[in-house]
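I opened this model to look up a few things and note them down. My entries follow.

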Amino acid sequence: MKGSRLKVRFCTNESQKSRAELVGQLRRLGFDISEGEVTAPAPAACQILKERGLRPYLLIHDGVRSEFDQIDTSNPNCVVIADAGESFSYQNMNNAFQVLMELENPVLISLGKGRYYKETSGLMLDVGPYMKALEYACGIKAEVVGKPSPEFFKSALQAIGVEAHQLLSM
């Protein structure tokens with residue numbers, strides 16, 4: 001595929017693993033891919049945070065925390081929520097709630113809005129129910145970064161210099 005003239009971008013809604021980990025898995029499967037060819041919710045959220053000068057309270061999975069290493073998290077003025085797994089404790093949810101309630105213009109950024117997903121151990125709650133709880137409690141609407149957000153897919157197209165109308169019809 002690298003030898004063809006096709007422009008390819010790998011898009012994922014994965015919010016428990018960093019791009020480095022995903023790329024490592026794909027390389028082991030035989031894909032010739034770099035981190036720069038992967039569009040994922042965490043880096044997309046980081047771009048938004050940088051553009052708007054936001055400092056998040058992070059309610060995320062430890063596996064994706066490295067994506068936020070260059071982001072200032074002191075004195076939070078927004079909340080970023082993802083599939084945090086075991087970190088979805090009452091205390092962490094309440095901390096996110098308190099940050100949002102103390103802000104004049106609260107900003108909640110969610111790295112998805114799935115209801116649940118399947119693991120080998122069974123069905124697991126995804127980020128959506130937790131996002132909805134914060135929306136309800138705070139009377140706000142989250143900004144979804146990742147699938148199914150159209151902006152997420154537009155950012156992938158923008159990264160390879162393609163407009164939506166230029167895509168091949170299937």
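I started with aspartate 126, which is buried (under 20% relative accessible area, 1.4 Å probe, protein chains only). Lys and Arg count as positive here, Asp and Glu as negative; His and the chain ends are not counted.

The model is predicted: local features need pLDDT of at least 70, side-chain atom pairs count only at pLDDT 80 or more, and totals for chains, interfaces and linings use all residues. Residues are numbered from 1 along each chain as its sequence is written, and side-chain values use heavy atoms, with hydrogens and water left out.

I placed aspartate 126 in the loop between β7 (122–125) and α4. Helices (H or I, at least four residues) and strands (E, at least two) are DSSP runs, numbered from the N terminus. Leaving out residues up to four places away in sequence, aspartate 126 touches (heavy atoms within 4.5 Å) Asp83, Gly114, Arg115, Tyr116 and Tyr117.

Next, the sheet. I found 4 strands in an open sheet, ordered β3-β4-β5-β8, with parallel pairing (at least two DSSP bridges between two strands). β3 (56–59) and β8 (143–144) are at the edges with a single partner strand each, so one side of each has no neighbour in the sheet. I saw 2 bridges joining β5 (residues 108–110) to β8. Serine 110 stands opposite valine 144 in β8.

Last, helix α1 (residues 19–28). Arg19, Leu22, Val23 and Gly24 are buried there. The buried residues of α1 pack against β2 (38–39) and α2 (41–52).

Key: Buried < 20%, exposed > 50% of the residue type's maximum accessible area, 1.4 Å probe, protein only. Salt bridge = Lys/Arg side-chain N within 4 Å of Asp/Glu carboxyl O.
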